[in-house]
Amino acid sequence: MIDQAPVLIIVIPLIFALLTPVVGLWRKSLCYFWILTALALSAAFSVTVFVKVLNTGTIHYNLGGWTPPWGIEYVIDHLNALMLVVVSAIALLTAVYSRKSIEKEFPNKKTAFYTVFLLQATGFLGIVITGDMFNLYVFLEISSLAGYALIAIGEDGALFAAFKYIIIGTIGASFYLIGVGYIYIMTGSLNMADIAALLQQVNNTSVIHIAFAFILAGLIIKMALFPMYIWMPDAYTKAPSASSALIAPLMTKISAYILVRVIFTIFKPEFITANLPVTKIMLWLGFAAIIYGAIMSIAQTDFKRMLCFIIVAEIGYIVGGIGLFNPTAIKGAILHILNDAVMTAGLFFIAGIVKYKTGFHNLTDFKDLFKKMPVTMGAFVIIALSVIGVPPTCGFFSKWYLIKGAIIGNAWPFAAALLFSSLVNVVLFFRIFEIGYGFDHGHDSGGHEELGSGSLISEAPATMLLPSMLVSLIIIFTGIYNQTIITNIIEHVTPNL
Amino acid sequence: MEVTLLIEAMDSSFKIMEKAKSDSVGLLETAVRLTSRTRSIEEKKINEILKGAKSRKGKVQNIAVSFLLLFVFWLLLSGKFDLFHMTLGFICSLLISFLTYDLLFANVRVGDIRLTIFRFLRYIPWLMYQIITSNFYVAKLVLKPGMYIDPHIVKFRTKLESDISWVALANSITLTPGTITMNIHDGEFFIHALDRKVADDLKSGEMEDRIAHIFMEADHIYIQDVLDVAAIFSELRKNL
Amino acid sequence: MITPFNFIIMIFVLICAITAITVKDLLSAVVILGAYSFFMCLLWAEMGAVDVAFTEASVSSGIGTILMVVAIIKTTRRSKD
Amino acid sequence: MQTIESIIPFVAVLIAMAGPILIILFKRWPNIRELMTFMVASVTFGLVVSMAPSVYNGTEITYNLIDILPEVGISFKVDSFGILFALVSSSLWIVTTVYSIGYMRALKEHSQTRFFSFFAVAISSALGVAFSANLLTLYMFYEILSLSTFSLVTHHQDKEAHFGGRKYLTFLMGSSIAFFLPAVILTYYYTGTLDFNRFGILTHSIPDYMLVVMFALFLAGIGKAAIMPMHSWLPSAMVAPTPVSSLLHAVAVVKVGVFSLLRVLLYIFGTDLLEFMRFDGFLVYFVSITIIAGSLFALKQDNLKARLAYSTVAQLSYIVLAGGLLSVSGITGGIVHIAMHAFGKITLFFCAGAILVNTGFKNISQLKGIGKKMPVTMIAFFFGSLSIIGVPPLGGFWSKWNLAMGTIEYSEIPILVVLLTSSLLNAAYFMPIVYNAFFAKDESIVYTEVKEAPLLTIIPPVFTALVSIALFFYPDIFLNLARSAARSVLGV
Amino acid sequence: MIDFIVTKYNYLFYIVLFLIGFYAIIVKKNLVKKVIGMNIMQTSIILFYVSIGCKKDGTLPILLDSDLHSHAIDAGKYLNPLPHVLMLTAIVVMVATLGVALAVLILMYKQYGTLEEDELLKRIK
Amino acid sequence: MINKSDDIIVMTIARLIIPFIQLYALYVLMHGHYSPGGGFQGGVILGASFILLIITHGIVEARKKISKKAITLFSSFGVFIYAGIGALCLILSGNYLDYGYLSKILHVDAAHARSLGILGVETGVGLAVMAVMVSIFINISSFGESAPENNTDEEE
Amino acid sequence: MKFKILSLFFIVITGIILIYGVAGMPDLADPDSPASRHVSPEYIQNTYKDAHTPNMVTTILADYRGYDTLGETTVIFTAGIACILLLKNLKGRKSHD
């Protein structure tokens, strides 16, 4: 069974998703536990595969028993395995988290929602695990379609946001498809490893350059990098909390993962540096994204919208880090993919809790929340510190590597942008802390409450609280053990430049 | 030898027909009575079907007939006659016939299906002939210098009763150049005709009669039957 | 090696595409899009991709057009561009 | 030099860090809660003291928790410099705890649980800074300290606290992220390590301009040291309750700032490099601006706590002088001033708090004649101010003496003048308070029903004042620790 | 130049269609028009792939009876089937996207009463 | 929601032609091995036949042929057949979707087993595509109006 | 109008880039192009041997690349469920017409 574990990561949630409507016909309330089972199993198999990869190295799995260039294969190297664990874990946490918010936001659509939710997770996992260019497209479309639906059921304005997302997402997918076609016409293969080998001969043709450009453009659209971010803030802001908690951390990060894969596995680094000014472009795009995201996030009054612009900036970190093109920065960028997924998930969890409690997600809705929900806000503080980049949390270390990489690459503006963004994050989050802290401008504080404060506390429901706390713990532990992650996992995927 | 025998047989039959012809009134009355009785029985049956209280026998028969039709269609399509594909075809046809037997035979008088098909096939050449002639007519009409067309809408109530015969009539009318069925509303046909003559042709009701004949609808069709047969035999006799 | 048949279909495809995005009446646009799909599928069939052509004929110019027509009936036919 | 591996430094930090758990657990029973605080503080102090003898004898205690970057981990090292600071902060924590209990109860402050929790976190991070073996660990605890004290500074949650807290955070977080962090990363980039080394880890091979940049970044980044352009958070942070102010200005925050700065200067740059790059000369003159200006600002203040705050700004720069006066006496004087100033200044703050608790007065002009009503407090205040001025029968004398010696040894005579001027200024802004308290009489202010402050707010200042006196007669512990640190740094 | 066009006319044609679709997506204000443009764009990509599969003198990718049992089938005789397979998938993806897009469109019309982008933006505000 | 067509011609012709369309759809589905066609095309044509039924006879009549529940079940089980066949191969100790291993239970050689596997898979695809196409059409067409069978189920 | 010109410009740029890419491609219907040389011949030669199915498209679709097709079916399924999710139970929505 352990040999089959890679495929079970995808197949179990897929089959469970297919049967969710049937379960829903029978008992609506079971759906929640049904998808929880699926995601838990999937996460368990992810961990199994992860451990196996750590012990034995890259795993290849041939679907249908056909050898790679003819059939589709899964290639699970260290990066894949890590991403699988991250994605399945976040999906599981979000699933746990979703219960109450679904019950509140659309109680009569539970079955369909959970089905789409699970399909979304499946799509993400499928993207991560595959070793085939076209298969990636298929799963990209699964996750996109599910994402469109999950976003469209949100609050007022979500429909238009979702429509924009559909249009732009389709353009992105089409660009990717064109890129794959251009590669196919020059190599005749769709398997990533095979393409990587074959590309060596045709590296210098215009077709391959254009193919790379289009794949890059498609991914940039999907990951909402600076000039192409326009679909993102609306979509994630208006989406229901459970959906945004799933999509916002993962969609952009997975696109970033594909970018890493495309650059380092398919097109070798030599191609990137030899032929095109891609790294320069990426670096400056990252720079612009960070600055723009930082500035725009200050201007927001809506918490989720602010988070979206933070994501814009964080994507700038990752892309810029890859654009720096030295091992340290790439290490940082890859680490940041992981960290940012966890952090963003946590932040959107918090946003969902605030929405659940107050009905809105404006910054002002945080008023006095420190008093009302100390545990939630404690988790929030830790996550926020990680976004800011305070040492024991994981956000610090990716930033550390990125800045060091920027110094190595003599990219001082980028380093400055990273610091600038950190400062802006300080401003952003401490603004919220201040609101949540409840400064009383009217009258001097007296001893109005001391021991009776217990009655004021109204924590979020356990299903929402637990994932948030877990995320904050994960943040701290990844921070402390980041060296383990880097030496055991990320070093294996960082190319020798 | 055989020819003479045949002629004799014909002759005798012709005599019978002559007799019948001379005795036509009584015969017709009997025929009408007969048909009306059978028809009332049939109508009851249809009503029952329409009401949903289908008799088991009718259902089985419907399924069987539609299965046969579909299976033949399958064989035509498939062209593979090995066991595996035949089985597939069998299963598929059976499935579809179970699913759609009430669609294919919604308003058809069960039991007359073979005759209907036969008559329908015989109707086609006539229709073709009609189409060709009216084609020429319309072409003449259009090509003549000066506009002689006189478009107008003819409305008439048909004596046909089942939807399938309506459709057959409507399609026949539409197929014939110069006339187009615009709408059917509760047995009233609204037809756009290009010319007075075309409309008159339509109103003469020959086409309607023939279609009624196919689907065994209006009372007089049985008379028409008898007349038909008589005509055939008289032809035969003349030739021999 | 532009075969004349190929070329003719291409012209049709092009005309349909341009018309579909310029016609102001959405219903017409959608129906023209169906025609576009159909010509496209002819083109593919001509190029030997029968399976793709078949699928396009049934999926895109069939179901796709139906869906769009229904959607337009449910919403509005008018458009400003 | 011997090195032993021991988990004690980590445990000390951890226990202090775990204090809040106990405190929150017992939040419904204030007495048990405060007992817990007290116990945690005592245990921590005990642990620190237990390490002191071996360190005093020249052993270093190290402990590596976990590697978090290549060659850099969360690791602890207790050397003489660190233990000095740890001793000061952990002992004063106990005193401050006692004092806060009295203060908070007397004023019936809200959210006391939060207050004590964050207090514990703040002290534990100060200990962490003291024990950190590398720059990253130091940076980490430095940031935790900024964050945990934010809640303390804004404890009142009113408008003033809001703006004070905002300023506090802007300066500290802003400077540490914008300047300190890049400086740390640059150090790591050029040397590949961040471990403190007594000869410094930066070398001449690094381009000169980069050294200058790094020096500037460190100087600006360690905003807690309150050197002149970065000082203005300190007076604004006065909005905090007095125990917090005493914590900020005497024990944790500012001392962490100067401690970190000295650590960086002496153990990252190294005395050789400082001398070679002529950073020492720059530093002493740069810092002496702060010394003089801080004292002058202090003269102007009417608010007692604000005056103390500006005094702190000035005094901190004394300590920083150690990084510029690269001689045994100079460095010893600077280091020992951490302890001396802490005991002196905390006495002053305790007294200010006691006055506030008792009378509600915050301004100096309101204090005329108060010495008659609250003699014990004001006498403690008197001794505290004497210690700050550096008058012989008090501990402050030793640090000033050593610094003065240092200026002579290092032949920076102008700095000696600065030191003396500053001492005069110190006297000028402290003595009038004491004088007025005892001898002046203001008819407009009538202290009705004013008696001595609550006992719990009196004992601590008296105790610290006594310690200050004791330190004059028995300064050996601190002096020797500081001297050994200075010797090891200078390699003599 | 002529040679370029003649040898690659299909690719050029696909680009023209792609740009038409792209134009509709970007410039047209009506959302249905955008969907139409999306459709055209995706179809053009399918055309591109199908063109990849072309092979001179190749026949349909269905084995002739004569080749069924022969061991060495001449691959040059048949078209390249792989792009066709890929495009089946792409077509299905296309119609799936269309379905979701239309669902969103209808909902939007119910909610805001218009399908023009500019009016919609006004009404959302 | 779509009501019964009032045009008798359309209705009748649809009625007569639908069985043949459906049979043709199944033919396309089953003969994907030899001629163009397969699950998708067959499924779409099958779906189209039901859509034709809905358009001509109204949704109420069409519901008798294919109820809401049936659509849900078909779309689920259609894909499930596909994934299930793959999982069956997994159980039979092959890789996922390795139909060759189906020969263990079908008692034919691997190549035939693959052929049969393909057939099974195509059937699943056909069912799913049919059900989903009908479901999308019904959803889009009956949008915003009360469903004819409110009582059957609230959700699906 | 400015927007229109800008987007036209953008589209033209895209077109030029695409055409530049086309310039390097093998000729249309070139039997020696990599796409016809590398993987597809094996499909053509083995399809009957492996799966007893003359239609290569079907074999590749359902067997060699069967996983793609599974994904594709899932796409359709997703679309169906998505429509159900979006269009069900709309009592809460207000309508304008």
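We're looking at a predicted model, where local features need pLDDT of at least 70 and side-chain atom pairs count only at pLDDT 80 or more, while totals for chains, interfaces and linings use all residues. Residues are numbered from 1 along each chain as its sequence is written, chains are lettered from A and ligands numbered from 1 in the order in which they are written, and side-chain values use heavy atoms, with hydrogens and water left out.

Let's start with chain G. Its secondary structure is 5 helices and 0 strands, where helices are DSSP runs of H or I with at least four residues, strands are runs of E with at least two, and both are numbered from the N terminus. What about the overall dimensions? The C-alpha trace of chain G spans about 60 × 40 × 15 Å along its principal axes.

Even so, 63% of the 97 residues in chain G are buried. For the cut-offs, buried is under 20% relative accessible area, exposed is over 50%, and partly exposed is in between, with a 1.4 Å probe and protein chains only. Chain G exposes about 3700 Å², and carbon and sulfur atoms supply 64% of that; areas are Shrake-Rupley with a 1.4 Å probe, and for residues only the protein chains shown count as cover.

On charge, chain G carries 9 positive and 9 negative side chains, with the centres of the two sets 22 Å apart. Positive is Lys and Arg, negative is Asp and Glu, and His and the chain ends are not counted. Each charge is placed at NZ of Lys, CZ of Arg, CG of Asp or CD of Glu.

Now chain F. It also comes to 5 helices and 0 strands, and of its 156 residues, 65% count as buried. Its C-alpha trace spans about 55 × 35 × 20 Å along the principal axes.

Which residues make the nonpolar surface patch of about 560 Å²? They are Phe84(B), Leu88(F), Ile91(F), Ile105(F), Leu106(F), Val108(F) and Leu116(F). Patch members have over 30% relative accessible area and no salt bridge, with nonpolar side chains (Val, Leu, Ile, Met, Phe, Trp, Tyr) joined within 5 Å and like charges within 9 Å. Leu88(F) sits in helix α3 and is partly exposed, at 32% relative accessibility.

Last topic, salt bridges: 21 of them over all chains, each being a side-chain nitrogen of Lys or Arg within 4 Å of a carboxyl oxygen of Asp or Glu. One of them pairs Glu434(A) with Arg166(D) at 2.8 Å, N to O. Glu434(A) lies in helix α18 of chain A and Arg166(D) in helix α6 of chain D, so this pair joins two chains. Glu434(A) is buried at 7%, whereas Arg166(D) is partly exposed at 39%.

Over in chain B, Glu188(B) bridges to Lys155(B), with the closest N and O atoms 3.4 Å apart. Those residues lie in strands β3 and β1, so the pair ties together parts that are 33 residues apart in sequence.

In chain D, Glu34(D) and Arg33(D) bridge at 2.9 Å between the closest N and O atoms, and both are buried. Finally, back to chain G: Asp132(A), Arg65(G) and Asp68(G) are joined into one network by salt bridges that share partners.
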